[in-house]
Amino acid sequence: MNYLQLNKLGSAILTHPNYSETIGIFRTSANALERDKLVSHLLAGKPLKEYLLNKDIVDIKIYTSAYKRIAANLIEKNIHSLETPPESIHKLADAIQQKSALLKEISTQNSTNQDKREQLKELDLNAQHAFLSLEKTPLTLQLVIPLFAEITKNKEINKMGAYNLATCFAPSLVTRSDLPPDSQFKLNSDAQIYIEALINHDLKLQSYDV
């Protein structure tokens with residue numbers, strides 16, 4: 001039921017009258033009280049239409065904030081939670097970060113050569129191999145990623161490409177708070193890269209740049 005509610009809430013976001021003109025969608029939080037009312041309503045199995053009765057247009061930020069909260073709640077119950085991230089996610093993040101570092105180096109030098117081109121080719125293959133080696137995407141993310149991919153199609157207006165959406169959502173995957181700061185930063189970074197790669201893959205961009 002909760003997965004169904006999450007899916008319906010995602011549809012409500014895409015059909016909201018202010019969706020196409022909202023800048024920074026999923027970036028800004030809503031009023032916490034209103035968000036929690038909607039979350040409680042949906043997690044109780046009540047239909048979204050019932051929540052909307054006798055209401056004017058609901059602020060889209062309430063929808064997006066509730067969506068993140070429900071998705072995080074479902075992720076925490078999922079055996080694939082990033083509380084214990086699979087090694088393949090670390091490998092993907094490392095491969096992408098290595099390629100990103102090389103691209104920045106090339107950009108700084110404002111030139112490339114055959115050696116750098118070969119390095120890029122090898123790093124790109126490493127990133128693609130790491131992506132294809134990932135464990136099956138958790139059910140929650142199977143619902144979240146197509147929504148985010150759809151949102152990125154409007155990124156010229158909403159300013160929310162794959163990187164920005166991944167940055168907003170990645171903390172929802174990280175449920176541990178007992179890690180040292182460096183480890184926590186690494187976990188957050190890997191989760192962000194993981195989500196961004198999934199969005200790009202869903203868009204069939206076949207690009208693993210960051």
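**Close-up views of a predicted model**

**View 1. Surroundings of Val-58.** Beyond its neighbours within four places in sequence, Val-58 is in contact (heavy atoms within 4.5 Å) with His-16, Tyr-51, Leu-52 and Tyr-63. This is a predicted model, in which local features need pLDDT of at least 70, side-chain atom pairs count only at pLDDT 80 or more, and totals for chains, interfaces and linings use all residues. Residues are numbered from 1 along each chain as its sequence is written, and side-chain values use heavy atoms, with hydrogens and water left out. Val-58 lies in the loop between α3 (48–52) and α4 (60–76); helices are DSSP runs (H or I, at least four residues), numbered from the N terminus. Val-58 counts as buried because its relative accessibility is 8%, the cut-off being under 20% relative accessible area with a 1.4 Å probe, protein chains only.

**View 2. Packing of helices α7 and α10.** Helix α7 (residues 139–152) packs on helix α10 (residues 181–202) at an angle of about 70°, their axes being 9 Å apart. Axes are lines fitted to C-alpha atoms over the stretch in contact, and angles run from 0 to 180 degrees between N-to-C directions. α7 is therefore roughly perpendicular to α10, a term for angles of 65 to 115 degrees. Residues of α7 including Leu-141, Ile-145 and Phe-148 meet residues of α10, among them Tyr-194, Ile-195 and Leu-198.

**View 3. Packing of helices α5 and α6.** The axes of helix α5 (residues 87–109) and helix α6 (residues 114–132) cross at roughly 155° and come within 8 Å. α5 and α6 are therefore roughly antiparallel to each other, as applies to angles over 145 degrees.

Terms used. Helices (H or I, at least four residues) and strands (E, at least two) are DSSP runs, numbered from the N terminus. Angles under 35 degrees count as roughly parallel, over 145 as roughly antiparallel, 65 to 115 as roughly perpendicular and the rest as oblique. Buried means under 20% relative accessible area, exposed over 50%, partly exposed in between (1.4 Å probe, protein chains only).
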